[in-house]
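Biologist: Please show me the model, and then take me through how its features are read.

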Amino acid sequence: MQIDKLRGEVMDQLFEAILSLKDVEECYRFFDDLCTMGEVQSLAQRLEVARMLMEDFTYHKIEEETGASTATISRVKRCLNYGNDGYQMTLDRASGKIK
């Protein structure tokens, strides 16, 4: 499984730091220090692409609304189809479908 390639003490430390954040404002503060604005915007864009793909938007509409390239859309679609269900789990939780 590809996720196992990520595992390690430093990655655990990063994820524990993220999980310790209490609200959206703390996320803004942490990610502003951790990443460039472009990196954070790319992550947000991919999540929005995933949401739109799950709602059966066309590539053209996703490209038009998010500015994502077809390569990014294809990558996200591949993750939705063959990944670890991270997008699905996160979007379901964010929408209140699962806890």
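Biologist: Which helices each supply at least two residues of the lining of the largest pocket?

Modeller: This is a predicted model, in which local features need pLDDT of at least 70 and side-chain atom pairs count only at pLDDT 80 or more, while totals for chains, interfaces and linings use all residues. Residues are numbered from 1 along each chain as its sequence is written, and side-chain values use heavy atoms, with hydrogens and water left out. A pocket is an open set of points on a 1 Å grid over the protein atoms alone, where a 1.4 Å probe fits and protein lies on both sides within 12 Å along at least five of seven lines; its lining residues have an atom within 4 Å of a point. Helices are DSSP runs of H or I of at least four residues, numbered from the N terminus. Here the helices that each give at least two lining residues to the largest pocket are H1 (3-6), H2 (9-19), H3 (24-34), H4 (37-54), H6 (70-82) and H7 (86-94).

Biologist: What volume does the largest pocket have, and which residues lie nearest its centre?

Modeller: A volume is the space filled by probe spheres set on the grid points, which are joined across faces, edges and corners. For the largest pocket that volume is about 1900 Å³. Its lining holds 33 residues, and those nearest the centre are Phe15, Leu43, Gly86, Tyr87 and Thr90.

Biologist: How do the residues of that lining divide by class?

Modeller: Ala, Val, Leu, Ile, Met, Phe, Trp, Tyr, Cys and Pro count as nonpolar, Asp, Glu, Lys and Arg as charged, and the others, Gly among them, as polar. The lining of the largest pocket has 20 nonpolar, 6 polar and 7 charged residues.

Biologist: Which residues line the second largest pocket?

Modeller: That pocket holds about 270 Å³ of space, and the residues around it are Val24, Cys27, Tyr28, Phe31, Asp32, Cys35, Met37, Val40 and Gln41.

Biologist: How should I read an aromatic pair, and how many are counted here?

Modeller: A pair of aromatic rings is described by the distance of the centres and the angle of the planes. Rings of Phe, Tyr and Trp (its six-membered ring) pair if their centres lie within 6.5 Å, and planes under 30 degrees apart count as stacked, over 60 as edge-to-face and the rest as tilted. The count is 1 aromatic pair. Phe30 and Phe31 form it edge-to-face, at 5.5 Å centre to centre and with 85° between the planes.

Biologist: How many salt bridges does the structure hold?

Modeller: A salt bridge is a side-chain nitrogen of Lys or Arg within 4 Å of a carboxyl oxygen of Asp or Glu, and the structure holds 4 of them. Among them, Glu64 pairs with Lys61, with the closest N and O atoms 3.5 Å apart, and both residues lie in helix H5 (residues 59-66), 3 residues apart, about one turn of the helix. Shared partners join Glu48, Arg51 and Glu55 into one network of salt bridges.

Biologist: Why are Glu48 and Arg51 separated by about one helical turn?

Modeller: They are separated by about one helical turn because they lie 3 residues apart in helix H4.

Biologist: Are Glu64 and Glu55 exposed or partly exposed?

Modeller: Buried means under 20% relative accessible area, exposed over 50%, and partly exposed in between (1.4 Å probe, protein chains only). Glu64 counts as exposed because its relative accessibility is 52%, whereas Glu55, at 46%, counts as partly exposed.

Biologist: Which residues make up the largest nonpolar core?

Modeller: A nonpolar core is a set of buried Ala, Val, Leu, Ile, Met, Phe, Trp, Tyr and Cys residues joined through side-chain atoms within 4.5 Å. The largest one has 10 residues, namely Val49, Ala50, Met52, Leu53, Ile62, Ala68, Ile73, Val76, Tyr87 and Leu91. H4, H6 and H7 are the elements that give it two or more residues, and H4 gives the most, with 4 residues.

Biologist: Where is the place of Asp56, and what is its phi?

Modeller: Most residues other than glycine have a negative phi. Asp56, in the loop between H4 and H5, has a positive phi near 65°. Asp85, in the loop between H6 and H7, also has a positive phi, of about 65°, although it is not a glycine.
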